[in-house]
Amino acid sequence: CHLIHYLRLSHHLIVLNYLICTFDKLKSVSSEDIKITDAVFDGVEVRVFEPPAKPDERLKRSVVYIHGGGWALASARTSLYNNLCRTMAESLNAVVVSVEYRLVPEVCFPEQFYDALRATKHFLQPEVLAEYSVDPSRIAISGDSAGGNLAAAVCQQLSKEEHLTIRPKLQALIYPVLQAFDFNTPSYQQNMNMPILRRSVMINYWIYYLNGNYDLAHSLLINNHTALDVGQAVSFRGHLNWTSLLPSSFKKDYKPVIQTTGKAEIIQEIPALLDVRAVPLLAENETLGLQPKTYILTCENDVLRDDGVMYAKRLENAGVEVTLDHFHDCFHGCMIFTIWPTDFSAGIQTRTSYIKWLDENL
């Protein structure tokens, strides 16, 4: 990554993540209810949660889970995600594979995507599924926030690989970040200063993930990178037309921010802004039509609300069965806050709804 990253955003991210992992990272502690082991899948660290075998049960269902944190923070081994995956394994009687992908600033895009893809493809091998007693026809891929981004991107990639014999049955995306095309959707405008994830912070995460220059942050904020005169963006404009993809209750009185003249050099400097592996909402309809049955959870008080809602609508238009689970009184990141001292009702509510859908459909 560029030196400027180290001088600006990365310094506090490194310190913050060091503190999170130092004080909160848990060793794999198994119990009678759940066996927890750390493993390596094709060079990628994972944590596996396995419920005990039942006498009358041959194979279990499974969830590949990818944690959030702006591609820069958190870990599969922190207590919040450890607790979430343990709860999922217990509630669903399922094998849960939590992916410990590498973070920025150690690596930038596309390495996080490749880590998640490699770990998932390794797990989908028949011999590996047999090792964990997993039913090949009952596997979901899931993730929250940046992890939802990676889960969606991995699912799209898997759908294009014709040689694969085993594919996910479901995808479940929790307040996913899916596009960097328009930072002025109604939810970005409505929640620009909302705690947990402000608009400026999300733009910084994108710049850092895509190895860009922070001097471009303001230009991204006002959509200079997708102005009408930026030719590379023209073919994607219809994929993110929120005036047609969002219901009126979400659009409210907000107006699109479309610059007539912008800065084409932004896309030249950060081409990944239009790379579907980074921004799954830009995928073509043909790819979307290949996606599995989908669950998308969104929160009203979240800049990313419209990312999830637009993806749900595009998938639905492409013929995919979609459940959009919207919570009017919840905020970004709430689902992992379910243990003291951050045991919020919003966390319990969203987690319960998410696990219920998985239980009924997986």
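**Reading one fold, residue by residue**

Reader: Which residues is His 67 in contact with, leaving aside its neighbours within four places in sequence?

Author: Contact means heavy atoms within 4.5 Å. By that rule, His 67 is in contact with Leu 73, Ala 74, Ser 75, Ala 76, Tyr 81, Val 99, Glu 100, Tyr 101, Leu 103, Asp 144, Ala 146 and Gly 147. This is a predicted model, where local features need pLDDT of at least 70 and side-chain atom pairs count only at pLDDT 80 or more, while totals for chains, interfaces and linings use all residues. Residues are numbered from 1 along each chain as its sequence is written, and side-chain values use heavy atoms, with hydrogens and water left out.

Reader: Is His 67 buried or exposed?

Author: Buried means under 20% relative accessible area, exposed over 50%, and partly exposed in between (1.4 Å probe, protein chains only). His 67 counts as buried because its relative accessibility is 1%. Its place is the loop between strand 3 and helix 3 (79–92). Helices (H or I, at least four residues) and strands (E, at least two) are DSSP runs, numbered from the N terminus. Now take Pro 271, in the loop between helix 12 (264–269) and helix 13 (285–288). Pro 271 has a relative accessible area of 52%, so it is exposed.

Reader: What is the order of the eight strands in the open sheet?

Author: Strands pair if DSSP finds at least two bridges between them. The order here is 1-2-4-3-5-6-7-8, with mixed pairing. Strand 1 (35–41) and strand 8 (322–331) stand at the edges with a single partner strand each, so one side of each has no neighbour in the sheet. Strand 5 (residues 134–144) and strand 6 (residues 170–174) run parallel, joined by five bridges. Asp 144 has Ile 174 as its bridge partner in strand 6.

Reader: Which strands does helix 6 touch?

Author: For directions, lines are fitted to C-alpha atoms, for helices over the stretch in contact, and angles run from 0 to 180 degrees between N-to-C directions. Helix 6 (residues 146–160) packs on the sheet and touches strand 3 (60–66), strand 5 and strand 6. Its direction makes about 135 degrees with that of strand 5. Helix 14 (residues 305–317) lies across strand 6, strand 7 (293–301) and strand 8, at about 150 degrees to strand 7.

Reader: How many cavities of 30 Å³ or more does a search of the whole structure find?

Author: A cavity is a set of points on a 1 Å grid over the protein atoms alone, where a 1.4 Å probe fits but cannot get out; lining residues have an atom within 4 Å of a point. The search finds one. The largest cavity has a volume of about 40 Å³. Ala 153, Gln 156, Gln 157, Lys 160, Val 276 and Arg 277 line it. Ala 153 sits in helix 6 and is buried because its relative accessibility is 4%. Ala 153 and Val 276 are 123 residues apart in sequence, yet their C-alpha atoms are 7.3 Å apart.

Reader: What is phi of Ser 145?

Author: It is near 55 degrees, a positive value in a residue other than glycine. Ser 145 is in the loop between strand 5 and helix 6. With a relative accessible area of 8%, Ser 145 is buried.

Key. 1 Å grid on protein atoms, 1.4 Å probe; cavity = no way out; pocket = protein on both sides within 12 Å on 5 of 7 lines; lining within 4 Å. Points joined across faces, edges and corners; volume = space filled by probe spheres on them.
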